[in-house]
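Trainee: I have this one open and would like to go through it with you. Can we start with the charged pairs and then move on to the strands and loops?

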Amino acid sequence: VTAPNIPANPIIRELPDELISQIAAGEVVERPASVVRELLDNALDAGAKNITLRLMAGGVRAIIVQDDGSGIAREQLPLALKRHATSKIASLHDLEQVGTMGFRGEALAAIASVAECSVLSRVQGDASAWLLDARSGEISPAARAVGTTVEVKELFFATPARRKFLKTDATELSHCLEVLRRHALARPEVGFAVWHEGKLLEQWHASSLKQRVADVLGDEFVALSLAVAHSEGAVQVSGFVGVPDAARARADQQYAYMNGRFVRDKVMQHAVRSAYEDVLHGGKQPVYVLYVSMPPERVDVNVHPTKIEVRFRDGREVHQALRHAVARQLDAPRSHMPVAPQHSNLEVKTPDAAGLITQFAIDLVANESHQAAAQAAFNTAEQSSAQPYRPPAPAGYEVREISQLWSKPTAAQAVQADQQEPSVWPLGRAVAQLHGVYILAQNTQGLIIVDMHAAHERIVYERLKTQLDGARLASQPLLIPATFAATPIEIATAEAHEATLQQLGLEVSAFSAKTLAVRAVPTTLAQGSPTELARSVLAQLAQHGDSADAGSQVIERAQHDILASMACHGAVRANRSLSLEEMNALLRDMEATPRSDQCNHGRPTWRQVSMKELDALFLRGR
Ligand SMILES: Nc1ncnc2c1ncn2[C@@H]1O[C@H](COP(=O)(O)OP(=O)(O)OP(=O)(O)O)[C@@H](O)[C@H]1O
Ligand SMILES: [Mg+2]
């Protein structure tokens, strides 16, 4: 390590203005997209109804933003480029109430210090427009309608070191477009157009929020999302959240706004993520466009030079409102959703019979052996050689009495079943079971296909969770304790976590030096194998809890994992035949269970195939 080069007698000097601006620019202007962001902010603050963005070479060579906002008067033009000059706030009080995107009076000065910059503007009532050249400071008359055009050319031309940090034009362009999307989603009532190298890339007309979201993120995004509208205390939340099926591998469709400003905020991100916790696993990223608004004095926007971060006076207030807003939508059973193309495979845009049949077959089955069998079954040429469909061997232990696995329909439900038209049930009336794996039901729109294990698993899981919220799982003693040969780790875990096990409705204790006995099991899971259940819970506890932990903490941390594996043991296995009565009971349970659209692993539990899609299969009506 070499010592820093410190002169013997350091002299403190004031920096020249130009250098101050360049230093400040380092915080604000990182790449072309930062310039785009600042210029769009300014246009919106000026009340523009239409904004056009023109880029050359990904914005590195030129960024031009044209708006039809209020404009800047001639004598004000030089001020616009001066540091710490702004029309947006005048006092500390204004700063605390700020409602504009900008307020620091720095952006244009910073940009002008690292690029060639000019401002052309005209206000209402002026006979002409005026052009200010930032470098020379000259102002000359020019032609333009009311509004402003800011031109920024050759970014970082004087600071080659910084120019080197820029990526390819294509990358810079994509960053610029992302900034544009953020602004366009914030203000659907403003029209946006973007040109690159003279080619029109996007044009979004002023519209409703829903239409804007569809324009910017695609129709698919809207089709697979739920509208949010929620108010809690001082916080309002609106927007759209994607169904779990729409989740992506990357967090690239997550738009969160605080009082109209796009922000990246840990509290908000965490709140949304936690609402998805139970329906999304495996590192999948939810998609959303969410607008949070609250009184400006409760949120500080002046904590980051680019204003992308905010600080809340009360983070919990925002977290809760946001989490509730999203969870409320996700928790509502969506069986009433019209033919939601939950999976693109089943989405039939242009009915193509052959493709559809294959997709349908593929979709009907869960693993490769299914796939092969089903495809063969659909393939007329190979029909004779088609192997009979064989469901997968039940993993884990055997379930004894299927009818006892879930509550039989009560007398009242049975009466209802007789009186009600099937049309009132979103998931319809069961008509058959397919190879012990799927339930087929008929509803008003057509065919419903339910993965019975996945669906039942979710129902059992939700039931366990509700019970655990009320302190502990209801437990039922076994007439004859079930014993099993246990490993030393299992025995130690059973001892260390006795209280936790009890909370989970399990009583497991040593029977001999090498044997454990299960003496009680959760009532909800009474029909499963007690020893398999005990084993899997012990494995979870061993994994999650070190002995120093109090039991309840282990549960809190590992609740999802533990209950999910318990539910898996309690849920009906494939290859079980069910009576129509049992199938209908399951469908009704699903309708009443929150989050029943996904199994505990985030896979869908049911699909709708509409009559239209079925008709397309058979080329009816053509
Ligand atoms: N497109 C525009 N239309 C009308 N006025 C504008 C426009 N762009 C800039 N101005 C004026 O120039 C001033 C300076 O703009 P600048 O972006 O540098 O600062 P700011 O927007 O006030 O604050 P911030 O640095 O936070 O963006 C603004 O306060 C505004 O009065
Ligand atoms: Mg600004």
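Trainee: Which residue forms a salt bridge with Arg535, and how far apart are the closest N and O atoms?

Mentor: Keep in mind that this is a predicted model. Arg535 forms a salt bridge with Glu490, and the closest N and O atoms of the two are 3.5 Å apart.

Trainee: Which residues are joined into one network by salt bridges that share partners?

Mentor: The network consists of Asp278, Asp331, Arg458, Glu462, Lys465 and Arg595, joined through salt bridges with shared partners.

Trainee: How far apart are the closest N and O atoms of Arg595 and Asp278?

Mentor: Those atoms are 3.9 Å apart in the salt bridge between Arg595 and Asp278. This pair links distant parts of the chain, 317 residues apart, with Arg595 in the loop between α20 (580-592) and β22 (606-610) and Asp278 in the loop between α10 (266-276) and β13 (288-293).

Trainee: Are those two buried or exposed?

Mentor: Arg595 is buried at a relative accessible area of 13%, and Asp278 is buried as well, with a value of 10%.

Trainee: How many salt bridges are there by this rule?

Mentor: The count comes to 26 salt bridges. One of them is formed by Glu189 and Arg187, where the closest N and O atoms are 2.7 Å apart. Glu189 is partly exposed, with a relative accessible area of 36%, and Arg187 is also partly exposed, with 23%.

Trainee: What about charges on the surface, which residues gather in a patch of negative charge?

Mentor: That patch on the surface is made up of Glu202, Asp215, Asp219 and Glu220. Taking Asp215 as an example, its place is in helix α8 (residues 209-217), and it is partly exposed, with a relative accessible area of 31%.

Trainee: Changing topic to strands: in which sense do β1 and β7 pair?

Mentor: Strand β1 (residues 50-56) and strand β7 (residues 191-196) pair in the parallel sense, over six bridges, and within that pairing Leu55 stands opposite His196 in β7.

Trainee: And β1 with β2, in which sense?

Mentor: Here the sense is antiparallel, again with six bridges between β1 and strand β2 (residues 62-67). Arg54 has Ile64 in β2 as its bridge partner. The hairpin of β1 and β2 has five residues between the strands, and in this hairpin Ala57 takes a positive phi near 50°.

Trainee: What is the phi of His84, then, and where does His84 lie?

Mentor: Phi of His84 is near 55°, a positive value in a residue other than glycine. His84 lies in the loop between α3 (77-80) and α4 (92-96), and with a relative accessibility of 57% it counts as exposed, because the cut-off for exposed is over 50%.

Trainee: What about His435?

Mentor: His435 is not a glycine either, and it has a positive phi of about 50°. Its loop runs between β16 (429-434) and β17 (438-443), and its relative accessible area of 40% makes His435 partly exposed.

Conventions
Residues numbered from 1 in each chain as written. Chains lettered and ligands numbered in written order. Predicted model: local features only at pLDDT ≥ 70, side-chain atom pairs only at ≥ 80, totals over all residues. Heavy atoms only, no water. Pairing = 2+ DSSP bridges. Helix = DSSP H or I, 4+ residues; strand = E, 2+ residues; numbered from the N terminus. Patch = residues over 30% accessible without salt bridge, like charges linked within 9 Å, V, L, I, M, F, W, Y side chains within 5 Å. Areas by Shrake-Rupley, 256 points an atom, 1.4 Å probe, with all protein chains shown as cover. Salt bridge = Lys/Arg side-chain N within 4 Å of Asp/Glu carboxyl O. Lys, Arg positive; Asp, Glu negative; His and termini not counted. Charge placed at Lys NZ, Arg CZ, Asp CG, Glu CD. Buried < 20%, exposed > 50% of the residue type's maximum accessible area, 1.4 Å probe, protein only.
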